[in-house]
Amino acid sequence: MAYIELKDIDAGYVKGSPILKDFHLEVKRGELISLLGPSGCGKTTTLRTIAGFISPEKGNVIIDKNDVTKYPPNKRNIGLVFQTYALFPHLSVFENVAYGLKRRKVDKKTIEEKVKKVLNLVSLTGFEERLPANLSGGQRQRVALARSLVIEPDLLLLDEPLSNLDAKLRDEMRAELSRLQHKLGITMIYVTHDQIEALSLSSKIIVMNEGNIEQMGTPKEIYEKPATKFVAKFVGFDNILTAKFVECDEKNTAIVSVGENKLKISREQHIDIKSLNEGDEINILFRPEDTRITKDKCENSIQAKLNYANYQGNSSSYALSYNDMEIRAITENIEIQNSKDIYFAISSDKIIIEKK
Amino acid sequence: MKKSKFLIFIVALAVIFLIGPFIIIIVSSFNETAVMKFPPKGFSLQWYQKVFSVDMFKTTFWISLKIGFFATIIALVIGIPVAYLNVRYKYRGKNIVELIFSSPAIIPGLVIGFALLRYFIYVAQVPITVGLFLGHTAILFPYTVRVVSASLRNFDLSVEEAAVSLGSSPIGAFFRVVFPNIQAGVVAAFILAFITSFNNVPISLFLTGPGVSTLPIQMLVYMEYYYDPTISALSSIIIVLTVLIVQAAEKVLGISKYM
Amino acid sequence: MNPLKSKKTLLLLAGPGFIFLLIFFFLPLLYVLIESFQSDVGQFTLRRYYDVISDAQFKLVFIRTLRMALIVTPIAVIVGYPCAYFISKLSAKKKSILTTIIILPLMTSPVARTYAWIVILGKFGIVNATLTALNIFAEPTRLLYTEGAIIVGLLQLFMPILILTVSSSLENVNSEVEEAALSLGSNRIGVFFRVVVPLSFEGLIMGITLVFTGCFTAYVTPAILGGANVLTLSTLMREQALVLMNWEAATVIAVLMIITTLIIYNGIRAFKPRNM
């Protein structure tokens with residue numbers, strides 16, 4: 001049963017036409033889903049439409065079976081966490097967190113209890129009297145979180161909340177968010193352009209592009225089985241080689257040729273295989289992380305020239321070129337004598353075919 | 001570096017040119033004799049005493065003060081919403097709205113005063129004080145809107161949205177969250193507007209009458225008849241007060257940011 | 001910035017101000033405009049304009065006012081621009097001090113500010129005293145109540161305005177851009193004219209507009225330093241209106257002032273760089 005539903009939405013007008021057109025979205029209760037995509041794809045528009053800051057020209061927003069389309073944002077009981085934290089600079093941590101409760105006319109004693117409880121939850125006990133200016137980035141983010149959690153919202157919306165934090169802090173906060181979500185069971189919609197964030201946090205990812213949902217699935221599905229070229233490129237299928245289609249059998253095993261090399265591609269479903277005939281020009285896409293370097297020929301290998309290798313500690317990044325096409329491989333450190341007789345290989349289930 | 005020395009020289013000249021006259025007038029206000037002489041002979045406070053004894057200076061000082069205060073308040077009450085509108089939203093016709101509210105700064109003050117005289121005083125028979133008040137208020141709009149806008153622009157819109165998402169009405173959010181954080185800008189606007197009104201001549205010139213006048217106008221009238229350093233003394237008082245206010249405003253609010 | 005959805009909000013926020021200006025600002029101006037085209041019996045006529053424009057005194061005064069504006073503006077730019085540049089390079093604290101000093105003439109009552117020049121330029125004032133002592137003048141000369149005196153007074157008022165507007169646009173000129181130019185071989189003066197000036201051009205245009213229109217419409221300075229002998233457009237208008245009670249002429253002069261100001265405003269702004 002959908003807990004949050006966007007039905008038939010037209011919203012987010014830029015230069016006369018809406019970013020979201022006839023848009024549908026369903027979220028189950030207790031899910032942490034991420035809206036993932038590049039800037040301008042409509043993920044923030046979706047969030048703001050759910051929150052009520054954008055009024056759709058057409059369509060309905062339904063939360064827990066209530067149609068809230070006509071409700072202003074202050075009547076929707078939604079928690080919002082912003083990229084810039086948006087703390088009230090003139091109020092203390094306590095007053096910031098208490099703000100929503102005050103608007104709901106909660107009595108003083110209950111406010112004190114609830115604020116203390118939620119500050120404890122985000123490990124900020126003792127910070128009640130501090131002003132936002134005297135908090136670190138991570139602390140501010142936690143206050144923002146506490147402020148929206150304390151009102152016990154139906155839904156928590158987060159708009160790239162971690163992008164202003166440094167890498168280490170981001171990791172910590174991500175773990176924190178995950179922990180909180182599991183503990184409280186609160187439905188969360190998380191907007192990000194960072195695939196790693198989406199993959200590590202969510203139970204479900206929705207990849208968006210130009211106002212459309214490209215794919216909706218678990219992190220594993222998105223990462224390993226991208227349903228469209230866009231999603232594939234977004235989750236890191238960065239290597240592109242021109243090839244020629246040869247054939248595909250009933251078991252969905254395709255053969256393509258890259259120069260004289262024949263490559264076998266076997267996937268449950270190919271993205272772009274209908275109406276391909278032998279000899280048609282195609283692109284094949286694969287990840288640098290899935291690209292192995294071998295000294296000798298093997299299945300699905302292609303001979304290439306090594307340009308340079310970058311040592312990265314645990315692994316190395318290799319830049320290769322084949323027929324004027326650049327390939328990158330990120331794999332274990334290998335001793336390489338000369339740069340000519342190098343082969344790179346990709347497993348048959350880790351390649352995607354793209355029509356030209 | 002050669003250029004730096006030359007530059008410093010020009011700046012020094014400019015500063016002397018801009019500030020020198022003030023120092024000279026302050027010094028000359030202590031002159032013993034009535035003749036406008038510099039360097040002054042002797043030392044006397046008689047002109048300062050005279051300033052406080054002239055009735056018309058005292059009455060018009062209070063009038064200028066009251067007009068300035070109330071005109072500024074109204075200009076703020078009307079101007080802050082306009083500033084908010086134009087900083088937060090984009091809409092068709094925004095350019096026209098901005099133009100309308102800055103037009104009192106474009107039209108020469110003299111013309112505004114004259115127009116008010118012809119229309120309100122002569123035709124509509126409005127009392128002079130009211131006309132004076134209205135004229136001053138109108139010319140303060142560009143100042144209040146501009147300065148408060150500058151302050152609002154630096155304020156993160158998300159904070160307002162956070163307040164609304166937590167249950168505050170938009171108006172409530174403005175008063176509880178936005179206003180406390182733009183107070184410095186509002187005070188800066190107040191000071192700027194008040195000084196502009198207090199010092200104004202073009203509007204007040206046409207809108208004076210029996211018993212109604214402003215301090216600058218009275219100073220001009222005085223100068224037409226008397227040539228003694230009384231005006232020097234009064235000017236010196238004004239100059240020192242202005243310096244103190246501007247300095248205080250700069251220290252506390254950083255008013256130079258808003259100019 | 002969000003798009004404005006509700007017309008109600010627009011009315012609520014801008015409505016009161018708009019109504020206020022309509023009644024107490026635009027209407028009176030409209031009245032004056034209409035009046036200037038009216039004959040004694042209320043018919044449309046251009047007679048008044050003809051009378052004023054063909055008047056010898058008016059022509060003299062108008063040209064004089066224009067001339068003064070044309071003299072003050074370049075001087076304000078030539079002296080003020082380097083000052084603004086100098087200020088922009090200072091540390092925040094020094095910048096604030098110097099800016100406060102520069103603002104002072106603007107914030108001080110114009111009467112007080114202009115009166116100082118009476119003391120300085122008067123017969124027994126400091127300028128005359130120094131110049132006769134140095135034997136440049138044989139005897140104290142009349143410096144007051146001349147065009148020169150007005151020009152000096154206007155400069156003291158308008159140079160700060162130019163410095164301020166240019167300063168704020170200079171804030172946008174990154175010093176790294178200047179350093180890049182230097183490293184590429186330009187000398188300091190070249191950098192100034194080829195990099196700094198073009199990048200702060202918009203502020204300069206705004207400043208020139210304010211100074212020029214300001215000079216044209218200034219009242220207190222010419223009133224005190226020019227007196228009844230050296231009239232400018234503003235003092236002429238006041239004389240016609242309040243002394244001679246010649247409302248018809250005053251109305252026409254008022255409208256001409258508005259028209260000239262608007263022409264200057266839009267004319268100079270045509271020089272605004274369209275794209276940076």
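This is a predicted model: local features need pLDDT of at least 70, side-chain atom pairs count only at pLDDT 80 or more; totals for chains, interfaces and linings use all residues.
Before anything else, one definition: when I say that two strands pair, I mean that DSSP finds at least two bridges between them.

Let me now take strand S3 of chain A, which covers residues 32–36, and ask how many of its five residues are buried. Five of the five are, so this strand is largely enclosed by the rest of the structure. The burial concerns both faces of S3(A), with Leu32(A), Ser34(A) and Leu36(A) buried on one side, and Ile33(A) and Leu35(A) buried on the other.

What does S3(A) pair with? Strand S8 of chain A, residues 188–192, runs parallel to S3(A) and is joined to it by five bridges, and within that pairing Ser34(A) stands opposite Tyr190(A). Strand S9 of chain A also runs parallel to S3(A), here with four bridges between them, and in this case it is Leu36(A) that stands opposite Val207(A).

Strand S9, residues 204–209, pairs with S10(A) in the antiparallel sense, over five bridges, and in S10(A) the bridge partner of Val207(A) is Gln215(A). Let me turn to chain B, whose secondary structure comes to 12 helices and one strand. Along the sequence, the pattern of chain B reads α-α-α-β-α-α-α-α-α-α-α-α-α. The C-alpha trace of this chain spans about 70 × 65 × 30 Å along its principal axes, and of its 259 residues, 50% are buried. If we consider the contacts in chain B between residues at least 6 apart in sequence, 74% of them join residues at least 24 apart.

One such pairing across the sequence involves Leu132(B), which lies in helix H6, residues 128–153, of chain B. Is Leu132(B) buried or exposed? The cut-off for calling a residue buried is 20 or more other C-beta atoms within 10 Å of its own, and Leu132(B) has 28 of them within that distance, so it counts as buried. Leu132(B) and Leu207(B) are 75 residues apart in sequence, and yet from C-alpha to C-alpha they are 5.5 Å apart in space. Setting aside its neighbours within four places in sequence, Leu132(B) is in contact with Ile67(B), Ser204(B), Leu207(B) and Val212(B).

Now to the place where chains A and B touch, a contact that takes 18 residues from chain A and 15 residues from chain B. On the side of chain B, helix H7, residues 157–165, gives the most, with seven residues. The residues on that side of chain B divide into seven nonpolar, six polar and two charged.

Helix H7(B) is mostly covered, with seven of its nine residues buried, and among these are Val159(B), Glu160(B), Glu161(B) and Ala162(B). What covers the buried residues of H7(B)? The cover includes, from chain A, helix H1 (43–51), strand S6 and helix H2 (93–103), together with helix H8 (170–178) of chain B. Just after H7(B), Gly167(B) takes a positive phi of about 120°.

Finally, chain C, which has 13 helices and one strand, arranged along the sequence as β-α-α-α-α-α-α-α-α-α-α-α-α-α. Its C-alpha atoms fill a box of roughly 75 × 75 × 30 Å, taken along the principal axes. Buried residues make up 42% of the 276 residues in chain C, and among its contacts with a separation of 6 or more, residues 24 or more positions apart account for 72%.

Notes: Residues are numbered from 1 along each chain as its sequence is written. Chains are lettered from A and ligands numbered from 1 in the order in which they are written. Helices (H or I, at least four residues) and strands (E, at least two) are DSSP runs, numbered from the N terminus. Two residues are in contact if their C-beta atoms, placed from the backbone, lie within 7 Å. Ala, Val, Leu, Ile, Met, Phe, Trp, Tyr, Cys and Pro count as nonpolar, Asp, Glu, Lys and Arg as charged, and the others, Gly among them, as polar. A residue is buried if 20 or more other C-beta atoms lie within 10 Å of its own, exposed if 12 or fewer, and partly exposed in between; C-beta atoms are placed from the backbone.
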